[in-house]
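The following exercises are to be worked through with the sequence and the structure at hand. Each task is followed by a stepwise solution.

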Amino acid sequence: MALSFCSFASGSSGNSYLIKGDQASLLLDCGIAGRDVANGLLACGVEPQDVAGIFITHEHTDHIKSLKTVTRMTGAPCYSTPGTLGAVKDRILTRGIEVARYGAEIQIGDVTVRSFPLAHDAMEPVGFSFTGSGKRVTVITDTGCVTEAIYETAVESDLLVLEANHERNVLLMGRYPYRLKMRILGDHGHISNEQAAQFIARILKNRKNPEPPTIALAHLSQENNTPEMAYLTVRNILFDEGFYEKKDYWMTVLTRNERSRLITI
């Protein structure tokens, strides 16, 4: 029995993830082309029609680009908050809408899905954790700060997929307009490499599970970050906090250009 995760890539800035239990395969977001979602599923041994649910974090294009195509392709119901569902209702068949309010738990096959609020400039953004076979995968992207609700969900996760969107100094010195820089840096924007590292350090200091968690850095900015920069910044801050890779945690970086390996926990 196992719980597995895969990040699909298309060369774009969009997001789409597979969470696979022994009895249920679920999608989180559809921000890439439908053909890339289909190819990613097939590469992981999942037929599109076997997807049992599609979970949507919020209505921004890089999370719902192919939602209409994927809902038709899979026939799966779409789960999110009332605010998000209202914003994307023209992309979903009416019979396929399911509400996932903050704090709600949804059972699909052998996977339990729990929702929690994110801090982002969208209608009603939500994050999700997936538990199966005694393991937990939590995905946290598109949040400008880490709230207690986010922390409480993440702290005992076996796989934490965490946004490391930008390197703060690169963003500040870059070519983005001032208003966009302030949006990204704000409490409803995106968390930086440094913020991600500080959050991971807090988790490592307080988690009760003795097994080292796997950390997957995600949602990297193409303009203001690189996989190498994200990895080194996070690793170095954790080292300064007394935590060592391959001893206290395992870490990988999810890139936009390559589908990740199927991570099984």
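A disulfide is a pair of cysteine sulfur atoms within 2.5 Å. The model is predicted, so local features need pLDDT of at least 70 and side-chain atom pairs count only at pLDDT 80 or more, while totals for chains, interfaces and linings use all residues. Residues are numbered from 1 along each chain as its sequence is written, and side-chain values use heavy atoms, with hydrogens and water left out.

**Exercise 1.** Determine how many disulfides a search of the whole structure finds.

*Solution.* Step 1: the search finds zero disulfides. Step 2: the closest cysteine sulfur to that of C30 belongs to C78 and lies 7.3 Å away, too far for a bond.

**Exercise 2.** Identify the buried residues of helix 3 and state how they are arranged around the axis.

*Solution.* Step 1: helices (H or I, at least four residues) and strands (E, at least two) are DSSP runs, numbered from the N terminus. Step 2: in helix 3, residues 67-74, the buried residues are L67, V70, T71 and T74. Step 3: these residues lie on the same side of helix 3 because they cover an arc of only 100° around the axis, taken from the directions from the helix axis to the C-beta atoms. Step 4: their packing partners include helix 1 (34-43) and strand 4 (51-55), where contact means heavy atoms within 4.5 Å. Step 5: just after helix 3, G75 has a positive phi of about 70°.

Technical notes: Buried < 20%, exposed > 50% of the residue type's maximum accessible area, 1.4 Å probe, protein only.
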